[in-house]
Amino acid sequence: MASPQQEFPEAYEICKQFTLTEEQMFEVVERLSKEIEMGLRKETNSRATVKCYVTYVQEIPTGEERGKYLALDLGGSNFRVLLVDLKSETDVDIQSKSFLLGKNLLIGSGKRLFDYIAECLAEFCIEQRIAWDNLPLGFTFSFPCKQTAINKGVLVNWTKGFNCPDVVGHNVVQMLQKAIDSRLDLRVRVVAILSDTTGTLMACAHRKPNCRIGLILGNVCNACYIEKTKNTEMFQRYETSRKANMIVNCEWGSFGDNGVLDFIRTSYDKAMDQLTPDPMTQTFDKCISGVYLGEIVRQIVLDLMRKDVIFKGLMSQAIQTEWKFESRFITEIESEAAGQYRSTAMVLNSLGIRTCNEKDLACLRYICETVTTRSAQLVACGIVCLIRKMNVCKSSVGIDGGMYRYHPNYHKLLVKNMNMLLKCSAEFELVLSEDGSGRGAALIAAICSCK
């Protein structure tokens, strides 16, 4: 079989820019390590691109947590309410209900947003006959947040299409609790706020006590890890706390916003970035996450089509439309067996390109594989950086998110590249987390209640 260089030389020259060398990957690890150190230190935190937010979660589950707890998971236009009954270490019953936030709620009044969330929470609790049980609730809030306590989180800025200005700079736990307390049909205590990464780590640690990292890998990418409390200088009591550890929420999506990743970015990354609502920010995230990878593939394909290299004479309006190449298309294309192109042809057909030319279809698959591989290489760099930071010999990594959950090769790519970087210096296990934002939030609520 001919190599990509022989079969698609023009595509190969473009894709070569996305192929990271071992030397480049080690350089990414070193640069991320420096940014994390800056984020942890009080005197350099303001200049750091990786802020390393203190979560105020200093314990992981013991397996002895019992009882009923509520969780509320807000991370997009759909949000969930869950009732988690911890009956034993292995017997956990979860009841949940999803609610849709209309576009009118994503922008405008924050009070209106939280009043609606409280209304949905009341509806769920009444259905479950727990409305007056005064259950503790863990609030998974998947937006950049600066915490000053386990139950105090100030919104730094909205993402994902939300824009309620009167929430920015305010304690979202207080706003949620106020909305709950204004109702006459509900008694619930919001005892903790957490990110989806923290929830993922906690949910995994309930089954794997050596879990030290939580990772979200879907439309966004972020990680948290267990740091020594004495190193978390943004925590007011970092020198006096009796708890040895602290979960730190990296918010590493903004790594590279200061230019330190320019040596691996391509002209296609920069073109895609200019099409986003927040250009010149979230640099690391935009090289990794599914929502951006599809657009990068579209840019490459469009470039080759304009040069009359592939899909000759088949230019369509859809392929020329920004963001039309969805991230799920990459998964569908790469899920096919080698030499099979039925799904690839169907993807193209949905974009107005009808072809059975197997060479062109194989070229599209090669482009998708190249962009996916770089994504996995960068995530591997991030995980290895955290493993080295913690200096642990054996650990588990809890992972959630659509890219990891559904892509057929992502797990293998991560393992391969992590092994290359670690060179047998540490053992690791990548574990698909079971409903981190729900189960993890309930576990944190349980730990807070026990206190």
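Me: Which residue in strand 8 is the bridge partner of Leu137?
Reply: This is a predicted model, in which local features need pLDDT of at least 70 and side-chain atom pairs pLDDT 80 or more, while totals for chains, interfaces and linings use all residues. Residues are numbered from 1 along each chain as its sequence is written, and side-chain values use heavy atoms, without hydrogens or water. Strands are DSSP runs (E, at least two residues; helices are H or I, at least four), numbered from the N terminus, and the partner of Leu137 in strand 8 is Val190.

Me: How many bridges join strand 5 and strand 8?
Reply: Two strands pair if DSSP finds at least two bridges between them. Strand 5, residues 135-141, runs parallel to strand 8 in this pairing, and the number of bridges is six.

Me: In what order do the five strands of the open sheet lie?
Reply: The pairing within this sheet is mixed: strand 5 and strand 8 pair in the parallel sense, whereas strand 2 and strand 3 pair in the antiparallel sense. Across the open sheet, the order of the strands is 4-3-2-5-8.

Me: How many residues lie between strand 3 and strand 4 in their hairpin?
Reply: Strand 3 and strand 4 pair in the antiparallel sense over nine bridges, and the bridge partner of Leu83 in strand 4 is Gln95. On its other pairing, strand 3 joins strand 2 over eight antiparallel bridges, with Arg80 as the bridge partner of Asp73, in a hairpin that has three residues between the strands. For the hairpin of strand 3 and strand 4, the number of residues between them is five.

Me: Which element gives the largest share of the lining of the largest pocket?
Reply: A pocket is an open set of points on a 1 Å grid over the protein atoms alone, with protein on both sides within 12 Å along at least five of seven lines, whereas in a cavity a 1.4 Å probe fits but cannot get out; lining residues have an atom within 4 Å of a point. The space in the largest pocket is about 1500 Å³, and among its 47 lining residues the closest to the centre are Gly75, Ser142, Lys160, Asn219 and Val220. Two or more lining residues come from each of helix 7 (196-207), strand 10 (221-228) and helix 10 (290-306), and the largest share, three residues, comes from helix 7.

Me: What is the volume of the largest cavity?
Reply: Two cavities of 30 Å³ or more are counted, where grid points are joined across faces, edges and corners and a volume is the space filled by probe spheres set on the points. Strand 1 (53-54), strand 6 (145-149) and strand 8 each supply at least two residues of the lining of the largest cavity. The volume of this largest cavity is about 100 Å³.

Me: Which helix gives the most to the lining of the second largest cavity?
Reply: The second largest cavity has a volume of about 30 Å³, and its lining includes Arg265, Asp269 and Lys286. Helix 8 (267-274) and helix 9 (283-286) each give two or more residues to this lining. The most, three residues, comes from helix 8.
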